[in-house]
Amino acid sequence: MADSIPIPVPTPESSMAVTVCIMAMLVASTLIGFYFFRRSKTYDEWMIGHRDMGPIVTGLALTASWLSGWAIFGNAGLSYTYGWSGSWLIGTMNLMGLSLCVVMGYRMRRYTGLGARTVPEVARIRFDSRLVQALAGGAMIILLIVYSVGQYKAMASVWTLTTGTGWLGSLVLTAILCAVYIVVGGYAGTQVSLALQGGIFMVIGWIFGIASIYWAGGPAKIAEVIAAADYVGKGGAATTIPIGGYTTALGPSYAGYDWLGVIAAMFMFLLMATGFPQNIARFLGTRKVTKKEYSILMLLVALNCVTPLMIGAMGLAARAVWGADLMTIAPIYGDAAASLVSMAMGGPVGAAIFSMAVFSAAISTIAGMVMIMATNISRDFVYNLMPKTQPRVLLLLARIFVIPLIIIPLWWTYTSPPPVLSEFMSGSAVAQAGIFFFVIAVSMYWKRATKWGAVAAIVYGMAAALLHPNVWGSALPPFNHWGVWALTVMGGCALVYVVVSLLTKPLPNEKLAVFFPQKQAPAQPSQTPVEAQAQAQVQTPAPAQPTQ
Amino acid sequence: MMRIPVAVWLLALAACFIAVPVLAATVGGWYAYWGTMALSAVWAGIMLWLKLTRYWEVDE
């Protein structure tokens, strides 16, 4: 019977199997990096490759940078701890957001053609403003470092649970290997490594998710247990608050507290997939694709967006089998659910395979973010301030900066780990959703957007983020309510961006024509081919160089 | 064949989004959990359809 399944503990066999599997994945990623080394000789090539990435690599890499330790590890903790109401941070509707990213992000190619090599550089070219580029780059670095901390927490937790050993040395080794394949492989190496990792956790996540439901006695049994369960706090503190509904009245700082929080979480998932710079950057090196290839890209994205729900199912299965016992396992608590289910179902091999999936998800997101931050510093700051800097110097700088950017969040995690992984990361996610969805994505489509609208949105978003319920918001009601805070950040960014844009002067039409070329009218029957070609040339002006 | 206006597709997208919390509040359980995924798949299908048929840009 499922009820009699003991909570597994690490063994020498599981420790060995986990180590071998994770190292195999990292070595494969590193070899991919070295393969692309000879193709990443110049600074440009290192940053965006040869713009020849197809739909399969782009689709898998996009989902790999999107689905992080939060999705492949933290989601089980959410459903285990909060029952059905954990679904809102699990992101059961995450496909809505990522499909929006696929549709909007593909236009990044147009800006790459105009000289953009980083996401903030898209903003510089769009607004003809170095100020916007520097502000966007700075905001990205701050928010991405916070987000990276969550990835290390996921890797540290799974390592400790499955091997029973101290994790610092192992994580440092992981970080070094990740740095190596970013440094040597650049964008192309990272993009293909991401695709490999995305494929790994899609297959593993689906298999373990479906298997866990039946391992726990089937969907009806799980639903029955969750319907009768109450919330249990860290350390095993029992309450009488039921977790059988889609809201749980735990306290206003919890996203699933009430329907206002739910709506805020939905908007966060809708906007943040496009707002995450590491996601939208996946299109910088994409080649032109056909409609059929574009459909394949969307299909891959859709398939991998089911993976977070599969991991969430593992958490529900764990709750059905072990009750709230995991809430006494400090300091990991409910976040231990997925790893322990994988060990209970598959022994050392199951633990090893699932741990590889968690590492793949976490390291792929870190890799995507570190690439962004390294290019933020070298391109958006150094080159922005000193445009005469030699490309080889910039390339060297970018490669060097990879190392501290990968170590800083690791050190943060080691010295001050966040108590609840997904809740911690959602703070950074809301700010990224609010700021970059508008400043980068909407600006590619909205002609009337201005640089002052973008500047106002960045400044407002960064300031409003500090009102998070666990930061200053706890003392400033109503910002102690997660939903109020998140809607204030995202809605405020939208409002500020639109209002300030409408009150200020956009770029002149001749400059905007480069970003928004008119659609070519079909050739008139009376036109000769030469006349039609001449008309097309008039309607599509040549790219203008942005003011330096 | 009649061409469905873009506004209708946008209304369908909004309906998918609104249906998520409605489904959670009224039905709940596994049906809401996987139903949300199904609604998201419909959403993604509409987005893809709109991109390919109405907003495909040759220069992209």
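Student: In which loop is P478(A) found?
Tutor: This is a predicted model, so we read positions from a prediction. A cis peptide bond joins P478(A) to P477(A). Its omega is about 10°. Most peptide bonds are trans. As for the place, P478(A) sits in the loop between α19 (451–465) and α20 (482–503) of chain A.

Student: R51(A) is not a glycine, so what is its phi?
Tutor: Most residues other than glycine have a negative phi. R51(A) lies in the loop between α2 (43–48) and α3 (55–66) of chain A. Its phi is positive, at about 55°.

Student: Is R51(A) buried, exposed or partly exposed?
Tutor: Count the other C-beta atoms within 10 Å of R51(A): there are 17. Buried needs 20 or more, and exposed needs 12 or fewer. The count for R51(A) therefore makes it partly exposed.

Student: And Y333(A), is that buried or exposed?
Tutor: Y333(A) is in the loop between α15 and α16 of chain A. It too is a residue other than glycine with a positive phi, near 55°. Within 10 Å it has 24 other C-beta atoms. The cut-off is 20 or more, so Y333(A) is buried.

Student: Which class does Q518(A) fall into, buried or exposed?
Tutor: Look in the loop between α21 (509–515) and α22 (529–539) of chain A. Q518(A) has 10 other C-beta atoms within 10 Å. A count of 12 or fewer is the limit, so Q518(A) is exposed.

Student: How far apart are the C-alpha atoms of Q518(A) and G186(A)?
Tutor: Along the chain, Q518(A) and G186(A) are 332 residues apart.

Student: What radius of gyration does chain A have?
Tutor: Chain A has 22 helices and 2 strands. Its C-alpha trace spans about 80 × 50 × 50 Å along the principal axes. A compact globule of 548 residues would have a radius of gyration near 24 Å. Chain A agrees with that, at 24 Å.

Student: What share of the residues of chain A count as buried?
Tutor: Start with the contacts in chain A that have a separation of 6 or more. Residues 24 or more positions apart account for 81% of them. Of the 548 residues of chain A, the buried share is 59%.

Student: Why are the buried residues of α11(A) on the same side?
Tutor: The buried residues are I222(A), V225(A) and I226(A). In an α-helix, residues three or four places apart point the same way. The face turned away from the buried side of α11(A) carries the exposed residues A220(A) and A228(A).

Student: Now chain B. What is its radius of gyration?
Tutor: Chain B has 2 helices and 0 strands. Its C-alpha trace spans about 45 × 25 × 15 Å along the principal axes. A compact globule of 60 residues would come out near 10 Å. Chain B has 14 Å.

Student: How far apart are the end C-alpha atoms of helix α2 of chain B?
Tutor: This helix has 25 residues, 29–53. At 1.5 Å a residue, it should span 36 Å. The ends agree with that: they are 36 Å apart.

Student: Which helix of chain B do the buried residues of α2(B) pack against?
Tutor: Those buried residues include Y33(B), L39(B) and W43(B). From chain A, their partners include α6, α11 and α14. From chain B, the partner is α1 (6–26).

Student: How many residues does each chain give to the contact?
Tutor: On chain A, elements giving two or more residues include α6 (94–105), α12 (259–275) and α14 (291–304). That side divides into 20 nonpolar, 5 polar and 4 charged residues. The contact takes 29 residues from chain A and 23 residues from chain B.

Notes
Residues are numbered from 1 along each chain as its sequence is written. Chains are lettered from A and ligands numbered from 1 in the order in which they are written. This is a predicted model: local features need pLDDT of at least 70, side-chain atom pairs count only at pLDDT 80 or more; totals for chains, interfaces and linings use all residues. Two residues are in contact if their C-beta atoms, placed from the backbone, lie within 7 Å. Helices (H or I, at least four residues) and strands (E, at least two) are DSSP runs, numbered from the N terminus. Ala, Val, Leu, Ile, Met, Phe, Trp, Tyr, Cys and Pro count as nonpolar, Asp, Glu, Lys and Arg as charged, and the others, Gly among them, as polar. The radius of gyration is taken over C-alpha atoms; the globule rule is 2.2 Å times the number of residues to the power 0.38. The expected span of a helix is 1.5 Å times one less than its number of residues.
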